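The sequence and model come first.

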Amino acid sequence: MSIIWSKYGASENLNYKIRYPVVLQNITYNGLEQSPNFIGYNENKLIAEGSLSGVNAGIYKVSFTPINGYTWMDGGVYAYEIEWQILQAVIAYPTASIKSFEYNGLEQSPIWINYDDKTMLIGGTISALNVGKYFTTFAPKNNYIWENFIELIYESFTHHLCGYQ
């Protein structure tokens with residue numbers, strides 16, 4: 001609270017000074033709606049516009065404006081914008097349990113360890129009947145990233161079907 005002097009005398013200015021809200025930690029995608037901890041945000045003192053919560057990995061924006069009776073520490077009443085983020089969830093690379101097969105006249109395919117159709121896409125040759133060299137590719141879906149944090153679009157694995165027909 002401060003006292004303002006004018007030609008009519010002293011009057012009280014009932015504007016309380018508040019600090020900008022901050023987000024200290026990002027959150028990781030889990031498939032549910034999430035909201036970061038906005039330190040300093042009080043809905044009785046600030047109007048929030050934008051994204052206070054989100055579901056998918058990405059960058060979100062929210063702006064805060066003091067309500068009547070409150071100002072920022074510099075005396076302003078402007079909108080202050082914050083960016084916050086939901087990080088991609090980390091997933092492991094799939095690996096083949098068996099990379100080489102002996103020809104038996106039947107269609108064969110590797111058993112993929114760590115493969116999850118909810119978190120990644122699979123492409124290329126998934127199973128084969130004839131002798132040859134085959135490639136299978138994997139890509140993380142939106143909201144996911146490979147465990148080494150290098151965002152490779154596709155990771156390829158080779159499997160062989162060996163033998164005589």
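Buried means under 20% relative accessible area, exposed means over 50%, and partly exposed lies in between (1.4 Å probe, protein chains only). The model is predicted: local features need pLDDT of at least 70, side-chain atom pairs count only at pLDDT 80 or more, and totals for chains, interfaces and linings use all residues. Residues are numbered from 1 along each chain as its sequence is written, and side-chain values use heavy atoms, with hydrogens and water left out.

**Overall**
- The chain has 18 strands and zero helices (DSSP runs numbered from the N terminus: E of at least two residues for strands, H or I of at least four for helices).
- Of its 165 residues, 28% are buried.
- Contacts (heavy atoms within 4.5 Å) with a separation of 6 or more are 47% between residues 24 or more positions apart.

**Salt bridge**
- The whole structure holds one salt bridge (a side-chain nitrogen of Lys or Arg within 4 Å of a carboxyl oxygen of Asp or Glu).
- The side chains of K61 and E83 form this bridge, at 3.7 Å from N to O.
- K61 is in strand β8 (residues 58-66) and E83 in strand β10 (residues 80-87), so the pair ties together parts 22 residues apart in sequence.
- K61 is partly exposed at 43% relative accessibility, and E83 is partly exposed at 48%.

- Beyond four places in sequence, the contacts of F64 include F38, L52, W72 and I82.
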